[in-house]
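Reader: Before we look at any detail, could you take me through this model step by step, giving the general idea each time and then the case at hand?

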Amino acid sequence: MTTQLTSKRYVVEDLSHAIEFCYQQGWTDGLPVVPPTEQAVRAMLDAAGLEPDKEVCFITNRQVAVSAEKIAVNAVMAGCLPEHMPVVVAAVEALADPKWGYHGPAASTGGAAVLMIVNGPIAGRLGFNSGDNLFGPGWRSNATTGRAVRLVMRNVIGTMPGALDRGTVGHPGKYSYVIAENEAESPWTPLHVQRGFKAEQSAVTVLAAEGPHQFYNQLSSTAKGVLTSLCDDMKHHGSTNGQPQYVVVLAGEHMRTIANDGWSKADIQKFVYENTQNPVAHIKRVERLAGTVTPQDETTMRPLVASSEDVLVVAAGGRAGAFSCYIPGWAGGKKSSQSVTKLIQDRRI
Amino acid sequence: MAGFEILDPTVEPRKQPLTYVPRPDSLKGKRIGLIENTKFNSDNLLVRIGEILKNEYGVAECKMWRKHNSSVPAHEEIIEEARRGVDCIVAGIGD
């Protein structure tokens, strides 16, 4: 790769000064970054088969072209390995998709983060965690790819906290919010296959999302019992306010219990859709919907989402423990933002 | 000196000229478009603004449109109708 890198260059005394320099320039998410040298940036680009001047996407709302070079610089800073670059590129492409609708979820007081769900062979190859401590620290792939996307949002697209990122409370997923589906142990069709990709392809699904809401059920040995507990929590959670989609993450014990009853992902989606509906009267009484309660409101049911397909089911989390979780999308309805799945491409071929 | 060279991760947004339509000298007899952003009470706020524009500034008529959602720009139908039917627009976040 011979194309010149065009990023402005700074020379500092040594590595430790470089780390502090990045802080001083306002380039970090609050944690130290890996100083982006030309050698590291070129390795990142080479691994993805991208020329530095390749325009990966254009963010219309911000009038910003996102080049491969800038993604690579930020991926280095986030601590990515070169082989992570295609995952980061695919996720950034997803953010630029009109369906994701960059402005709303990136800027909103609603404080959504970018949930990334990695599917396909690349998840295992790069060691993305899909098991214990699913959302916790300890896995480089999960920690750095999401961080790279957030740094691109900050440094390239201008999504600066307090300026064009106005999340009121936000959540820790804004550092990194990446999981993989546990395809090896899942009894179900992987998410990316449900969304039109082949099992042997790798893809990342991106959803503007609140934090994970954990729920517990150690009593039931049936699919219906476990999912009834889920739905009871889910239909009353804090932001039942036009979330376009939800992700339901089912971990080992719950996954096996539900699968043992022969339930497919479609069965789970249908059950969750039907059992998370609230009477309009209830939503009005708890001051989440304007207007006085009418007799009709008592029997008019309001679903959380438009259809059962808007409940994305993912098998992931530790084998032990009667815990799973659901993740609400960012409130704004499907015309504002919805999940997008992009192919993770190896452009070197 | 030997030094340690690093690359800048930021970009400058693409610069584009912003052209403002000339402001009217007076609102008297003008047709006003009100863009409602779907947030709770934004319609009530704009209705009130419309009343003030009529009663105190001599506006001839007001027409309100509702966006798909507060976080997206006014959709094309609104823009087209507004282009044909009004002289000025009031838009903003009702929140």
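Predicted model: local features only at pLDDT ≥ 70, side-chain atom pairs only at ≥ 80, totals over all residues.

Reader: Is Q338(A) buried or exposed, and where does Q338(A) lie?

Author: A residue is called buried if 20 or more other C-beta atoms lie within 10 Å of its own, exposed if 12 or fewer, and partly exposed in between. Q338(A) has 22 other C-beta atoms within 10 Å and is therefore buried, although Q338(A) belongs to the loop between β12 and β13 (340–343) of chain A. Helices (H or I, at least four residues) and strands (E, at least two) are DSSP runs, numbered from the N terminus.

Reader: How should I read the order of strands in a sheet?

Author: Strands of a sheet pair through backbone hydrogen bonds, either parallel or antiparallel; here two strands count as paired if DSSP finds at least two bridges between them. Chain A holds an open sheet of four strands in the order β7-β12-β8-β11, with mixed pairing. At its edges stand β7 (213–216) and β11 (311–315) of chain A, each with a single partner strand, so one side of each is left without a neighbour in the sheet. β7(A) runs antiparallel to β12 (residues 323–328) of chain A, and four bridges join them; in β12(A), C325(A) is the bridge partner of Q214(A).

Reader: And how is the packing of two helices described?

Author: Two packed helices are described by the angle between their axes and the distance between the axes. The axes are lines fitted to C-alpha atoms, for helices over the stretch in contact, and angles run from 0 to 180 degrees between N-to-C directions. Helix α2 (residues 38–48) of chain A packs against α3(A) at an angle of about 115°, with their axes 9 Å apart. On the side of α2(A) the contact is made by A40(A), V41(A), M44(A) and L45(A), and on the side of α3(A) by A68(A), E69(A), A72(A), V73(A), A75(A) and V76(A).

Reader: How many residues of helix α3 of chain A are buried?

Author: In helix α3 (residues 68–78) of chain A, 11 of the 11 residues are buried, so the helix is largely enclosed by the rest of the structure. Just after α3(A), G79(A) takes a positive phi of about 95°.

Reader: What does the radius of gyration say about chain B?

Author: The radius of gyration is taken over C-alpha atoms, and the globule rule is 2.2 Å times the number of residues to the power 0.38. Chain B has two helices and four strands. Its radius of gyration is 20 Å, well over the 12 Å that the rule gives for 95 residues, so chain B is more spread out than a compact globule. Of the 95 residues of chain B, 19% count as buried.

Reader: Where do strands of the two chains pair?

Author: Strand β1 (residues 9–12) of chain A pairs with strand β1 (residues 4–7) of chain B in the antiparallel sense, over four bridges. There, L7(B) in β1(B) is the bridge partner of R9(A).

Conventions
Residues numbered from 1 in each chain as written. Chains lettered and ligands numbered in written order. Contact = placed C-beta atoms within 7 Å.
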